[in-house]
Amino acid sequence: MNFKGMQSWQKRRLFITLILVLGIGLTFLISTCTALYRDRTSEKNYWDAALTPSETAIEHLAQIDENAIQVSVGTYLETFKELSLKGSSYRMEFLLWFRWNGNEELDMANNFRIYKGTINKLQVVKDYHENGENYQLLRVDASVFKNYWTIRFPLESHQLRMYIESNYTADRVVFVNDKENCGINGNLDIPGYNLVRHDTGIFTVEADSNNGDPELPGSAINSEFVTALEVNRGSWGLYLKCFIALFGTTTWVLITLFINTYHHVDPLSMIPAALFGTVSNIMVGANLLPDVLQMGLLEFVNLWGVMTILSVAVVIININRIRNKYEDKEFASFYGRIMFYTILILVVAGHIALPLSALLIV
C-alpha cells in the first residue's frame with residue numbers, strides 16, 4: 001500500500017493522527033527546550049551582575065567613607081565539605097584574612113558575619129600587630145543557606161556566593177578586595193560537580209533601618225566581600241539514575257507498538273503498567289530536591305515519557321479498530337508502520353534535545 005492508493009477515510013485517519021502526534025510533540029519540545037536553553041545561557045549575565053556593584057552604591061559609599069579604615073580582605077578555599085540540594089545549603093572550609101594599617105584595636109576577627117550563613121568553627125591562625133601594620137588570618141568552617149535553582153536538574157549548574165559582612169559600619173571600615181592573593185585549592189573536590197570558575201568582589205549593603213541606633217542618622221551601611229564559585233554537574237550518572245526506569249518503559253511501549261504492527265498481536269493490556277512505572281519514576285529525582293522546586297528538566301523528561309506512552313496507546317487502539325471494524329489488515333499494518341517510525345524518531349529526538357538544552361558545556 002502507498003499514499004496514492006489510499007481511500008479518503010484512510011488518508012483522513014492517518015493524517016489526523018500524524019498532525020496530532022507531531023503538533024503536540026514538537027510544540028512541547030520547542031517550548032521546553034527553549035526554557036531550558038534560556039536558563040542555561042542566562043548564567044553568564046547572572047554571574048557578571050552578581051559581582052558588579054551598582055553605581056549608586058559606589059557613589060553612596062564615597063560620601064561616607066572618607067575617614068574609614070581600608071581593610072584588605074581575601075579568601076583561600078581549602079575544602080568543600082557538602083553541597084545539599086535537599087537541605088538548601090552548602091558547607092566549606094576556607095582561610096580568611098584581614099589586613100589594615102592604623103588602629104590596632106580594630107578586631108576584624110571577631111567583627112564579621114557571613115550573610116545567610118552559620119560559622120561552625122573559627123580558628124585564629126595568626127594575629128599580627130606591629131609598627132602600625134595589622135594582620136589577622138582565620139580558618140573558618142561555615143555553612144551557607146542557598147536557594148538552589150533546579151530548572152535544569154539533574155544536569156544543572158549552580159553559582160555559590162558567600163558574603164562576608166563587616167560588623168563595623170562603612171564610616172569606620174571599608175573592605176578592599178585582595179584579589180591577587182585570593183585562590184582556591186587545586187585539589188578541591190565538590191561531590192557530584194566540577195568547578196567552572198571562581199572570583200571575588202566587593203559590595204556595599206544598606207540595611208532597611210538603623211535598628212534604633214542613636215549614632216546613626218539613617219540606615220546602617222556596611223561593606224561586604226563576596227567569594228563566588230560556579231559548579232557544573234560532573235557527569236551523566238545522576239541523569240541516568242533518575243530516568244533509567246523511564247527509558248525502560250519507553251522502550252517497552254515502542255516494542256508493543258512494533259509487535260502490534262508486524263505480528264497482529266494486541267498488547268494494549270501492557271500499557272497501564274508502563275504508564276504507572278513512568279509516573280512513579282519522577283519520585284526518584286524529586287526525593288533529591290527540596291519540597292518546593294521549579295518546573296524543569298526533571299518534569300519535562302517524565303512528561304515526555306507519559307506523552308510517548310499515551311501516543312502509542314492511541315495508535316494501538318486505532319490499529320485494532322482498523323483491523324476489527326473495517327477488516328483492513330493491509331492498511332492497519334501500513335498505518336502502524338508510519339506511526340511507529342514517526343513516534344520512534346520523535347521520541348529519540350526529544351531525549352537528545354532536552355538534556356542538551358540544559359547541559360552547560362564548558
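I started from the record: the unreviewed UniProt entry lists residues 236-259, 271-289, 301-319 and 340-361 as "transmembrane region". UniProt positions are given in the numbering used here, feature names are shortened, and annotations may be inferred rather than shown by experiment.

I noted the ground rules next. This is a predicted model, where local features need pLDDT of at least 70 and side-chain atom pairs count only at pLDDT 80 or more, while totals for chains, interfaces and linings use all residues. Residues are numbered from 1 along each chain as its sequence is written, and side-chain values use heavy atoms, with hydrogens and water left out.

**Listed spans**

I checked two of the listed spans against the model. Residues 236-259 are 96% helix and 0% strand, and their end C-alpha atoms lie 32 Å apart. Residues 301-319 are 100% helix and 0% strand, with 27 Å between the end C-alpha atoms. Helices (H or I, at least four residues) and strands (E, at least two) are DSSP runs, numbered from the N terminus.

**Helix packing**

I looked up Gly25, which sits in helix H1 (residues 8-50). What does Gly25 contact beyond four places in sequence? I found Leu20, Trp304, Met307 and Leu346. Contact means heavy atoms within 4.5 Å. The relative accessibility of Gly25 is 3%, so Gly25 counts as buried. The scale is: buried under 20% relative accessible area, exposed over 50%, partly exposed in between (1.4 Å probe, protein chains only). I also took a C-alpha to C-alpha distance: Gly25 and Ser311 are 9.6 Å apart in space and 286 residues apart in sequence.

Thr308 lies in helix H5. Thr308 is buried, at 3% relative accessible area. Not counting residues up to four places away, Thr308 touches Thr250, Val253 and Val347.

**Nonpolar cores and patch**

Which residues touch the most other members of the largest nonpolar core? They are Val71, Leu83, Phe94 and Phe98, in a core of 82 residues. Helix H5 (residues 297-324) supplies the largest share of this core, 12 residues. A second, separate core has 6 residues, including Leu51, Phe203, Val226 and Ala228. By definition, a nonpolar core is a set of buried Ala, Val, Leu, Ile, Met, Phe, Trp, Tyr and Cys residues joined through side-chain atoms within 4.5 Å.

I listed contacts for Phe94, leaving aside neighbours within four places. Among them are Tyr76, Leu77, Ile114, Leu138, Val140, Met162 and Ile164.

On the surface I found a nonpolar patch of Trp236, Leu240, Val348, Ile352 and Leu356, with about 440 Å² of accessible area together. Helix H6 (residues 329-358) gives the most to this patch, 3 residues. Leu356 lies in helix H6 and is partly exposed, at 43% relative accessible area. Patches are made of residues with over 30% relative accessible area and no salt bridge; like charges are joined within 9 Å, nonpolar side chains (Val, Leu, Ile, Met, Phe, Trp, Tyr) within 5 Å. Accessible areas come from the Shrake-Rupley method with a 1.4 Å probe, and for residues only the protein chains shown count as cover.

**Salt bridges**

My search of the whole structure gave 13 salt bridges. A salt bridge is a side-chain nitrogen of Lys or Arg within 4 Å of a carboxyl oxygen of Asp or Glu.

Glu43 and Arg152 pair at 3.4 Å, N to O. Glu43 is in helix H1 and Arg152 in the loop between S5 and S6, so this pair ties together parts 109 residues apart in sequence. Both Glu43 and Arg152 are buried.

Glu156 and Arg233 pair at 2.7 Å, N to O. Glu156 is in the loop between S5 and S6, Arg233 in strand S10 (residues 221-233), 77 residues apart. Glu156 is buried at 1% relative accessibility, and Arg233 is buried at 12%.

Arg197 and Glu230 pair at 2.4 Å, N to O. Arg197 is in strand S9 (residues 193-206) and Glu230 in strand S10, so the pair ties together parts 33 residues apart in sequence. Arg197 is partly exposed at 27%, whereas Glu230 is buried at 2%.

I also found one network: salt bridges with shared partners join Glu78, Lys81, Arg91, Glu93, Arg139 and Asp141.

**Backbone**

Most residues other than glycine have a negative phi, and most peptide bonds are trans. I noted the exceptions below.

The Phe153 to Pro154 bond is cis, with omega near 10°. Pro154 lies in the loop between strand S5 (133-145) and strand S6 (157-169). Lys116 has a positive phi, near 55°, and Asn131 has a positive phi of about 55°. Lys116 is partly exposed at 48%, and Asn131 is exposed at 76%.
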